[in-house]
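Please read the following explanation alongside the structure.

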There are 2 protein chains.
Amino acid sequence: MDGNKKISIAVIKRLPRYYRYITELLENGIAKVSSQELSRRMNLTASQIRQDLNCFGGFGQQGYGYNVEVLHKEIASILGIPDPFNVIIIGAGNMGQAIAKYENFNKRGFVFTGIFDKNPNVIGQDINGVKVAHIDTLEDFVKENKTDIAVLCIPKENAMEIARRVAALGIHGLWNFSSTDLHNIEEEFGTVVENVHLTDNLMVLGYRISELRKNGKN
Amino acid sequence: MDGNKKISIAVIKRLPRYYRYITELLENGIAKVSSQELSRRMNLTASQIRQDLNCFGGFGQQGYGYNVEVLHKEIASILGIPDPFNVIIIGAGNMGQAIAKYENFNKRGFVFTGIFDKNPNVIGQDINGVKVAHIDTLEDFVKENKTDIAVLCIPKENAMEIARRVAALGIHGLWNFSSTDLHNIEEEFGTVVENVHLTDNLMVLGYRISELRKNGKN
DNA sequence: TAGATTGTTAATCGATTAACAATC
DNA sequence: TAGATTGTTAATCGATTAACAATC
């Protein structure tokens, strides 16, 4: 009765990208798109696009293709954009501040509601309309303000402790920028964790450059 | 004669994570580790660890396991850590500055050498020991200073133009933070591109939270 | 109706896991 | 030598691609 056919993470990771392309088509006033046309633009196979979209429903029409407006609305709804997530940031250092000021998140249904730190020098400072609060006021804040996601922009040494504190408050999503893995948080608290291991990603780039030079050059 | 068995990207993406764990073992003075012990710590199968490491060589020893110091050195070498990459940043906005100030990159062999912008208000400003230069001086800078990687921290509207400009200068790696795909750059210039689509990643988190609430709660 | 394009099943490909012989 | 654990081959699993009947 619940139709849970468990969609694979590979498909889910492609959704935001579909959303970007469909939004662009919509903004350019393009009314319909076929899987073939979209495959050309996105550099995917048409087959994969049809498979992916069909995980969520038959949004297309045989002989016609996909109505861009319909598809845009459907993907937005799948991604939960219609009702926004409230986001707090833990750590008002360089990365925390950069995220707080990043305007794109708003457009995608993420609302920045609070930022916390333990450093007295930044507490009270205004960042994108929100005052940095002391980390010890976190619990009170979350009790009074619906909070969906906490962004961890803190050194890895404190990451685990803060993650447990945040998860214990019933916050359902953790966006982890501290370069460490948050073991057992998902299992223990049922909190969802997404990691942004920037250094890891940069190292992959480094590896690929080395390969390129080894193979391409000589 | 070149032993190019083409290592899959899935394996390469795990390398930095292996490196983190091995570094930790090394710092804790642990001399040896078996694939089983590592699998427990990293939450991977021992089989996968052995397969992965064997793509690059037989670093272990039957009946013993892996010598941590050896393994650390080998992975570092695979990732090109021994000889550093010079990195410039294009765009001195919030994200560009956060990256410029991020200390972890240094430890992993990435050296911040320049930062460029077109906004007169930030040009000349000192960021982590480097002065923001005008984007028009980019070409001269690269001619005089070996540059391996350019980080794009600019709005998506300018991303493609700047990417082509950077690639045309012979810079081999592009780390793209502008939320757009840099079509054809790899093919046309032979430049390696790694994308950090932060908003995409955040949207995946949003999706997973929605699923959690739908399935877990009722 | 004829043409186009989806939705969906089947075939292929690649990545992960299991098993075990080699060997320290 | 006996025990442990790798390196490596084979089996399994899952994701992508191809094919085509359904249908607009």
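The largest cavity holds about 100 Å³ of space. A cavity here is a set of points, on a 1 Å grid over the protein atoms alone, where a 1.4 Å probe fits but cannot get out, and lining residues have an atom within 4 Å of a point. This is a predicted model, in which local features need pLDDT of at least 70 and side-chain atom pairs pLDDT 80 or more, while totals for chains, interfaces and linings use all residues. Residues are numbered from 1 along each chain as its sequence is written, chains are lettered from A and ligands numbered from 1 in the order in which they are written, and side-chain values use heavy atoms, without hydrogens and water.

Among the 13 residues lining the largest cavity, V87(B), I99(B), F105(B), F110(B) and F112(B) are the closest to its centre. The largest share of this lining, 3 residues, is supplied by β5(B). By class, the lining of the largest cavity has 11 nonpolar residues, 2 polar and no charged; Ala, Val, Leu, Ile, Met, Phe, Trp, Tyr, Cys and Pro count as nonpolar, Asp, Glu, Lys and Arg as charged, and the others as polar.

The second largest cavity holds about 30 Å³. Its lining includes L79(A), F85(A), M203(B) and Y207(B).

Turning to the helices, α1 (residues 9-27) and α3 (residues 46-54) of chain A pack at about 105 degrees, with axes 11 Å apart. They are therefore roughly perpendicular, a term for angles of 65 to 115 degrees. V11(A), R14(A) and Y18(A) of α1(A) make the contact with Q48(A), I49(A) and D52(A) of α3(A), where contact means heavy atoms within 4.5 Å.

Technical notes. Axes fitted to C-alpha atoms, helices over the stretch in contact; angles between N-to-C directions. Helix = DSSP H or I, 4+ residues; strand = E, 2+ residues; numbered from the N terminus. Parallel < 35°, antiparallel > 145°, perpendicular 65-115°, else oblique. 1 Å grid on protein atoms, 1.4 Å probe; cavity = no way out; pocket = protein on both sides within 12 Å on 5 of 7 lines; lining within 4 Å. Points joined across faces, edges and corners; volume = space filled by probe spheres on them.
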